[in-house]
Amino acid sequence: MAYILKRPEWYLPKSAATPESVYQNRRAFLKAMGLGGMMLAGTGAGLGCLAQETVSETKPTAGLAAFTRNPDFADAGRPLTEESLATTYNNFYEFGFSKTDPAKNAQGFSLDPYTLKVDGLVGEEMEFDLDAIEALGYEERVYRFRCVEAWSMTVPWLGVPLRKLIEKVDVKPEAKYVAFKSFLDPEKAPGQRDGRYPWPYFEGLRLDEAMNELTLAVTGIYGKRLPGQSGTPLRIIVPWKYGYKGPKSVVQMTFTDKQPGTFWNESVPSEYKFFSNVDPQVSHPRWSQALERYLGEDKKDKPTQWYNGYGEQVAHMYDGIPRTLY
Ligand SMILES: Nc1nc2c(c(=O)[nH]1)N[C@H]1C(S)=C(S)[C@@H](COP(=O)(O)O)O[C@H]1N2
Ligand SMILES: [Mo]
(Lines give C-alpha, C1' and ligand atoms only; values in the text may rest on other atoms or scores of the structure.)
(Ligands and ions follow the chains in the order given, each with its own letter.)
Protein backbone atom coordinates (compact mmCIF):
# COMPACT_ATOMS: atom_id res chain seq x y z
CA MET A 1 0.00 0.00 0.00
CA ALA A 2 1.44 3.36 -0.96
CA TYR A 3 0.75 6.65 0.70
CA ILE A 4 0.92 10.11 -0.68
CA LEU A 5 3.22 12.50 1.10
CA LYS A 6 1.49 15.80 1.58
CA ARG A 7 2.82 18.31 -0.89
CA PRO A 8 4.86 21.16 0.49
CA GLU A 9 2.89 24.06 1.82
CA TRP A 10 4.11 27.25 0.29
CA TYR A 11 1.98 29.37 2.55
CA LEU A 12 4.04 31.36 5.01
CA PRO A 13 2.72 32.76 8.29
CA LYS A 14 5.09 35.71 8.03
CA SER A 15 8.33 36.66 6.46
CA ALA A 16 11.76 36.59 7.94
CA ALA A 17 15.18 35.52 8.61
CA THR A 18 17.28 36.97 11.38
CA PRO A 19 20.64 38.10 10.05
CA GLU A 20 23.43 36.15 11.67
CA SER A 21 24.89 39.42 12.99
CA VAL A 22 21.76 40.19 14.99
CA TYR A 23 21.89 36.83 16.73
CA GLN A 24 25.63 37.20 17.28
CA ASN A 25 25.09 40.63 18.80
CA ARG A 26 22.54 39.24 21.19
CA ARG A 27 25.03 36.60 22.21
CA ALA A 28 27.70 39.23 22.70
CA PHE A 29 25.26 41.22 24.81
CA LEU A 30 24.46 38.21 26.97
CA LYS A 31 28.13 37.48 27.28
CA ALA A 32 28.81 41.03 28.39
CA MET A 33 26.18 40.51 31.07
CA GLY A 34 27.94 37.33 32.11
CA LEU A 35 25.06 35.20 30.91
CA GLY A 36 26.20 34.03 27.48
CA GLY A 37 26.91 30.34 27.44
CA MET A 38 25.99 30.01 31.09
CA MET A 39 22.39 29.13 31.57
CA LEU A 40 21.85 28.52 35.23
CA ALA A 41 19.50 25.93 36.61
CA GLY A 42 16.24 27.43 37.77
CA THR A 43 16.87 30.98 36.59
CA GLY A 44 16.56 31.00 32.81
CA ALA A 45 17.64 34.64 32.99
CA GLY A 46 19.72 34.71 29.85
CA LEU A 47 17.08 32.78 28.02
CA GLY A 48 14.29 35.06 29.03
CA CYS A 49 16.34 37.92 27.72
CA LEU A 50 16.79 36.23 24.39
CA ALA A 51 13.21 35.10 24.24
CA GLN A 52 11.80 38.57 24.77
CA GLU A 53 13.75 39.95 21.86
CA THR A 54 12.86 37.18 19.46
CA VAL A 55 9.15 36.96 20.33
CA SER A 56 9.65 33.32 21.06
CA GLU A 57 6.81 30.80 21.01
CA THR A 58 8.85 28.59 23.27
CA LYS A 59 9.43 28.94 26.98
CA PRO A 60 12.91 29.29 28.40
CA THR A 61 13.99 26.06 29.98
CA ALA A 62 15.63 25.65 33.31
CA GLY A 63 18.63 23.45 33.84
CA LEU A 64 20.24 23.84 30.44
CA ALA A 65 23.87 22.73 30.43
CA ALA A 66 26.55 25.36 29.81
CA PHE A 67 27.57 25.65 26.17
CA THR A 68 29.60 27.67 23.74
CA ARG A 69 29.20 28.03 20.01
CA ASN A 70 31.69 25.84 18.19
CA PRO A 71 33.76 28.29 16.10
CA ASP A 72 34.01 25.75 13.24
CA PHE A 73 30.23 25.90 12.90
CA ALA A 74 29.52 29.49 13.88
CA ASP A 75 28.54 30.67 10.43
CA ALA A 76 26.52 28.63 7.96
CA GLY A 77 27.05 31.22 5.24
CA ARG A 78 23.49 32.50 5.23
CA PRO A 79 21.13 34.23 7.65
CA LEU A 80 19.71 32.38 10.63
CA THR A 81 16.06 31.48 10.30
CA GLU A 82 13.92 33.34 12.77
CA GLU A 83 13.19 31.21 15.80
CA SER A 84 9.47 31.91 15.71
CA LEU A 85 9.38 30.51 12.18
CA ALA A 86 11.55 27.43 12.79
CA THR A 87 9.29 26.50 15.70
CA THR A 88 5.93 27.07 14.00
CA TYR A 89 6.57 25.55 10.56
CA ASN A 90 7.31 21.92 11.28
CA ASN A 91 7.20 18.35 10.11
CA PHE A 92 6.34 16.08 13.01
CA TYR A 93 3.66 13.74 11.75
CA GLU A 94 3.01 12.33 15.21
CA PHE A 95 1.36 15.69 15.95
CA GLY A 96 -0.47 16.25 12.68
CA PHE A 97 0.19 16.43 8.98
CA SER A 98 0.15 20.15 8.28
CA LYS A 99 3.08 22.46 8.98
CA THR A 100 1.26 24.34 11.73
CA ASP A 101 -0.14 21.29 13.56
CA PRO A 102 2.95 20.30 15.60
CA ALA A 103 3.35 23.71 17.28
CA LYS A 104 -0.30 23.45 18.39
CA ASN A 105 -0.57 19.76 19.20
CA ALA A 106 2.86 19.20 20.75
CA GLN A 107 2.44 22.04 23.25
CA GLY A 108 3.41 20.70 26.63
CA PHE A 109 4.45 17.34 25.20
CA SER A 110 7.27 15.79 27.15
CA LEU A 111 8.91 12.41 27.64
CA ASP A 112 9.82 12.99 31.29
CA PRO A 113 11.42 11.07 32.85
CA TYR A 114 13.56 10.51 29.79
CA THR A 115 16.19 7.92 28.99
CA LEU A 116 17.72 6.97 25.68
CA LYS A 117 17.99 3.22 25.51
CA VAL A 118 20.99 1.77 23.65
CA ASP A 119 20.93 -1.89 22.66
CA GLY A 120 21.49 -4.40 19.85
CA LEU A 121 25.03 -5.47 18.99
CA VAL A 122 26.60 -4.09 22.14
CA GLY A 123 28.52 -5.73 24.96
CA GLU A 124 26.17 -4.20 27.48
CA GLU A 125 22.85 -2.40 27.03
CA MET A 126 22.90 1.16 28.34
CA GLU A 127 20.57 4.00 29.22
CA PHE A 128 21.49 7.67 29.08
CA ASP A 129 19.56 10.55 30.56
CA LEU A 130 19.92 14.08 29.18
CA ASP A 131 22.48 15.16 31.79
CA ALA A 132 24.69 12.19 30.96
CA ILE A 133 24.48 12.99 27.25
CA GLU A 134 25.10 16.71 27.64
CA ALA A 135 28.05 16.03 29.97
CA LEU A 136 29.83 14.47 26.97
CA GLY A 137 30.41 17.99 25.60
CA TYR A 138 27.51 20.35 25.05
CA GLU A 139 28.00 22.81 22.22
CA GLU A 140 26.14 25.05 19.81
CA ARG A 141 26.45 24.66 16.04
CA VAL A 142 24.76 26.58 13.27
CA TYR A 143 23.86 24.16 10.47
CA ARG A 144 22.04 24.44 7.19
CA PHE A 145 18.97 22.17 7.22
CA ARG A 146 17.29 20.92 4.05
CA CYS A 147 13.90 19.22 3.94
CA VAL A 148 13.18 16.90 1.02
CA GLU A 149 10.16 19.13 0.26
CA ALA A 150 12.66 21.80 -0.89
CA TRP A 151 12.40 24.26 1.98
CA SER A 152 15.42 24.91 4.11
CA MET A 153 16.41 26.70 7.27
CA THR A 154 19.52 27.70 9.20
CA VAL A 155 19.40 27.08 12.92
CA PRO A 156 21.62 27.05 16.00
CA TRP A 157 21.41 23.54 17.42
CA LEU A 158 22.56 22.63 20.91
CA GLY A 159 23.87 19.14 21.33
CA VAL A 160 26.62 16.62 21.45
CA PRO A 161 28.32 14.91 18.53
CA LEU A 162 26.64 11.49 18.38
CA ARG A 163 30.13 10.00 18.03
CA LYS A 164 30.88 10.95 21.63
CA LEU A 165 27.86 9.01 22.83
CA ILE A 166 28.67 5.99 20.66
CA GLU A 167 32.21 5.99 22.05
CA LYS A 168 30.72 5.37 25.50
CA VAL A 169 29.08 2.18 24.23
CA ASP A 170 30.78 -1.18 23.83
CA VAL A 171 29.76 -1.62 20.19
CA LYS A 172 30.51 -5.07 18.79
CA PRO A 173 32.68 -5.22 15.67
CA GLU A 174 29.85 -6.82 13.65
CA ALA A 175 27.74 -3.67 14.03
CA LYS A 176 27.57 -1.73 10.78
CA TYR A 177 24.44 0.38 11.26
CA VAL A 178 22.50 2.27 13.91
CA ALA A 179 18.70 2.18 14.00
CA PHE A 180 16.72 4.89 15.79
CA LYS A 181 13.21 4.68 17.18
CA SER A 182 11.00 7.58 18.17
CA PHE A 183 8.48 7.49 21.02
CA LEU A 184 5.11 5.74 20.72
CA ASP A 185 2.15 7.19 22.57
CA PRO A 186 -1.03 7.47 20.47
CA GLU A 187 -2.88 9.04 23.40
CA LYS A 188 -0.60 12.06 23.35
CA ALA A 189 0.21 12.04 19.64
CA PRO A 190 -2.90 12.30 17.44
CA GLY A 191 -0.98 11.47 14.26
CA GLN A 192 -0.12 8.07 15.70
CA ARG A 193 -3.81 7.23 15.74
CA ASP A 194 -3.64 7.31 11.93
CA GLY A 195 -3.08 3.69 10.99
CA ARG A 196 -1.75 4.48 7.51
CA TYR A 197 1.72 5.00 8.94
CA PRO A 198 4.06 2.43 10.49
CA TRP A 199 4.42 4.03 13.94
CA PRO A 200 6.62 4.67 15.78
CA TYR A 201 8.83 6.76 13.44
CA PHE A 202 12.09 4.97 12.75
CA GLU A 203 15.27 5.80 10.91
CA GLY A 204 18.79 4.52 10.45
CA LEU A 205 22.35 5.45 9.56
CA ARG A 206 25.42 3.54 8.58
CA LEU A 207 27.79 3.42 11.54
CA ASP A 208 30.36 5.66 9.84
CA GLU A 209 27.62 8.22 9.12
CA ALA A 210 26.51 8.11 12.74
CA MET A 211 30.14 8.57 13.82
CA ASN A 212 30.80 11.44 11.39
CA GLU A 213 31.85 14.65 13.08
CA LEU A 214 28.75 16.45 11.76
CA THR A 215 26.11 14.12 13.19
CA LEU A 216 24.56 15.52 16.35
CA ALA A 217 22.40 14.31 19.19
CA VAL A 218 20.43 17.52 19.66
CA THR A 219 18.62 18.55 22.83
CA GLY A 220 18.30 22.30 22.26
CA ILE A 221 17.63 24.99 19.71
CA TYR A 222 18.08 28.80 19.86
CA GLY A 223 19.69 28.63 23.27
CA LYS A 224 17.01 26.57 25.00
CA ARG A 225 15.80 23.02 25.25
CA LEU A 226 13.88 21.62 22.30
CA PRO A 227 10.21 22.53 22.46
CA GLY A 228 7.70 19.73 21.79
CA GLN A 229 7.28 20.50 18.11
CA SER A 230 11.03 20.45 17.51
CA GLY A 231 11.42 16.91 18.85
CA THR A 232 11.75 17.14 22.60
CA PRO A 233 13.86 16.03 24.36
CA LEU A 234 16.33 14.60 21.84
CA ARG A 235 16.57 14.43 18.05
CA ILE A 236 19.25 13.42 15.59
CA ILE A 237 20.59 15.98 13.12
CA VAL A 238 22.41 14.84 9.98
CA PRO A 239 22.96 18.07 8.05
CA TRP A 240 24.06 16.60 4.70
CA LYS A 241 20.91 14.49 4.40
CA TYR A 242 17.27 15.39 3.89
CA GLY A 243 15.54 16.33 7.11
CA TYR A 244 13.57 13.10 7.49
CA LYS A 245 16.84 11.22 8.15
CA GLY A 246 16.91 12.96 11.53
CA PRO A 247 14.26 11.42 13.81
CA LYS A 248 12.69 13.53 16.56
CA SER A 249 11.88 12.50 20.13
CA VAL A 250 14.17 9.48 19.88
CA VAL A 251 13.93 6.92 22.68
CA GLN A 252 16.03 4.04 21.38
CA MET A 253 19.19 3.45 19.43
CA THR A 254 19.97 -0.09 18.27
CA PHE A 255 23.24 -1.28 16.73
CA THR A 256 22.80 -3.83 13.97
CA ASP A 257 24.65 -5.62 11.18
CA LYS A 258 21.80 -5.14 8.68
CA GLN A 259 20.67 -1.95 6.97
CA PRO A 260 17.68 -0.80 9.03
CA GLY A 261 14.36 0.05 7.47
CA THR A 262 13.05 3.59 7.67
CA PHE A 263 9.62 5.12 8.24
CA TRP A 264 9.50 6.94 4.91
CA ASN A 265 11.06 4.15 2.89
CA GLU A 266 8.48 1.74 4.24
CA SER A 267 5.66 4.23 3.60
CA VAL A 268 6.67 5.27 0.06
CA PRO A 269 9.58 3.06 -1.10
CA SER A 270 9.82 4.64 -4.55
CA GLU A 271 10.40 8.12 -3.13
CA TYR A 272 12.60 7.78 -0.03
CA LYS A 273 15.84 5.82 -0.13
CA PHE A 274 18.13 4.85 2.71
CA PHE A 275 20.97 7.29 2.03
CA SER A 276 18.90 10.39 1.16
CA ASN A 277 21.91 12.65 0.78
CA VAL A 278 21.02 16.14 -0.39
CA ASP A 279 21.74 16.24 -4.12
CA PRO A 280 20.58 18.91 -6.59
CA GLN A 281 20.96 16.45 -9.48
CA VAL A 282 18.79 13.68 -8.10
CA SER A 283 15.18 14.73 -8.44
CA HIS A 284 12.40 13.59 -6.19
CA PRO A 285 9.97 11.63 -8.41
CA ARG A 286 7.49 14.51 -8.04
CA TRP A 287 9.75 17.59 -8.07
CA SER A 288 13.24 18.83 -8.83
CA GLN A 289 15.75 19.24 -6.03
CA ALA A 290 17.86 21.79 -7.95
CA LEU A 291 16.50 24.77 -6.01
CA GLU A 292 15.32 25.38 -2.48
CA ARG A 293 13.32 27.98 -0.57
CA TYR A 294 14.71 29.47 2.61
CA LEU A 295 12.02 29.54 5.29
CA GLY A 296 10.91 33.14 5.55
CA GLU A 297 11.23 33.79 1.83
CA ASP A 298 8.60 33.38 -0.85
CA LYS A 299 10.63 32.11 -3.75
CA LYS A 300 12.22 28.75 -4.30
CA ASP A 301 15.27 30.26 -5.97
CA LYS A 302 18.36 29.26 -4.00
CA PRO A 303 20.59 26.59 -5.57
CA THR A 304 20.67 23.34 -3.62
CA GLN A 305 24.20 22.34 -2.67
CA TRP A 306 25.43 18.78 -3.03
CA TYR A 307 25.55 17.23 0.45
CA ASN A 308 23.92 20.49 1.54
CA GLY A 309 27.36 22.07 1.30
CA TYR A 310 29.04 19.57 3.63
CA GLY A 311 30.82 17.52 0.93
CA GLU A 312 34.25 18.20 2.33
CA GLN A 313 33.33 16.41 5.55
CA VAL A 314 31.20 13.61 4.11
CA ALA A 315 31.74 12.90 0.38
CA HIS A 316 34.47 10.34 1.12
CA MET A 317 31.91 8.06 2.73
CA TYR A 318 30.11 7.57 -0.58
CA ASP A 319 33.00 6.78 -2.92
CA GLY A 320 31.79 4.25 -5.47
CA ILE A 321 28.11 4.45 -4.50
CA PRO A 322 25.93 5.58 -7.45
CA ARG A 323 24.18 8.88 -6.81
CA THR A 324 20.90 7.37 -7.91
CA LEU A 325 20.93 5.26 -4.76
CA TYR A 326 20.79 8.39 -2.68
N1 LIG B 1 9.63 11.42 14.79
C2 LIG B 1 9.65 12.21 13.69
N3 LIG B 1 10.83 12.75 13.30
C4 LIG B 1 10.87 13.54 12.20
C5 LIG B 1 9.71 13.79 11.43
C6 LIG B 1 8.49 13.22 11.87
O7 LIG B 1 7.41 13.38 11.27
N8 LIG B 1 8.50 12.45 13.01
N9 LIG B 1 9.79 14.57 10.29
C10 LIG B 1 11.12 14.71 9.68
C11 LIG B 1 11.17 15.72 8.64
S12 LIG B 1 10.49 15.33 7.14
C13 LIG B 1 11.80 16.92 8.81
S14 LIG B 1 11.99 18.01 7.55
C15 LIG B 1 12.28 17.33 10.14
C16 LIG B 1 11.56 18.62 10.52
O17 LIG B 1 12.13 19.20 11.64
P18 LIG B 1 11.57 20.63 12.11
O19 LIG B 1 10.09 20.53 12.23
O20 LIG B 1 12.23 20.92 13.40
O21 LIG B 1 11.94 21.60 11.03
O22 LIG B 1 12.04 16.35 11.15
C23 LIG B 1 12.19 15.00 10.73
N24 LIG B 1 12.06 14.11 11.86
MO1 LIG C 1 11.39 16.84 5.63
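Two strands are said to pair if DSSP finds at least two bridges between them, and the strands themselves (E, at least two residues), like helices (H or I, at least four), are DSSP runs numbered from the N terminus. This is a predicted model, in which local features need pLDDT of at least 70 and side-chain atom pairs count only at pLDDT 80 or more, while totals for chains, interfaces and linings use all residues. Residues are numbered from 1 along each chain as its sequence is written, chains are lettered from A and ligands numbered from 1 in the order in which they are written, and side-chain values use heavy atoms, with hydrogens and water left out.

Five strands make up an open sheet with mixed pairing, in the order β5-β4-β13-β8-β9. Its edges are β5 (126–128) and β9 (202–206), each of which pairs on one side only, and from one strand to the next the twist averages 20 degrees (axes are lines fitted to C-alpha atoms, for helices over the stretch in contact, and angles run from 0 to 180 degrees between N-to-C directions).

Strand β13 (residues 250–256) is mostly covered, with five of its seven residues buried, where buried means under 20% relative accessible area, exposed over 50%, and partly exposed in between (1.4 Å probe, protein chains only). With β4 (residues 116–120), β13 pairs in the parallel sense over four bridges, and here Gly120 stands opposite Phe255. With β8 (residues 177–182), β13 runs antiparallel and is joined by six bridges, Val250 being the bridge partner of Ser182. Strand β8 is in turn joined to β9 by five bridges, again antiparallel, and Ala179 stands opposite Gly204 in β9.

The structure holds 20 salt bridges, each defined as a side-chain nitrogen of Lys or Arg within 4 Å of a carboxyl oxygen of Asp or Glu. One of them joins Glu203 and Lys245 (2.8 Å, N to O), linking distant parts of the chain, since Glu203 lies in strand β9 and Lys245 in the loop between β12 (235–237) and β13, 42 residues apart. Glu203 is buried at 1% relative accessibility, and Lys245 is likewise buried at 1%.

Asp194 and Arg196 also meet in a salt bridge (2.8 Å, N to O); Asp194 is buried at 18%, whereas Arg196 is partly exposed at 42%. In the salt bridge between Asp257 and Lys258 (3.2 Å, N to O), Asp257 is partly exposed at 40% and Lys258 is exposed at 58%. Finally, a network of salt bridges links Glu139, Arg141, Arg163, Glu167 and Glu213.
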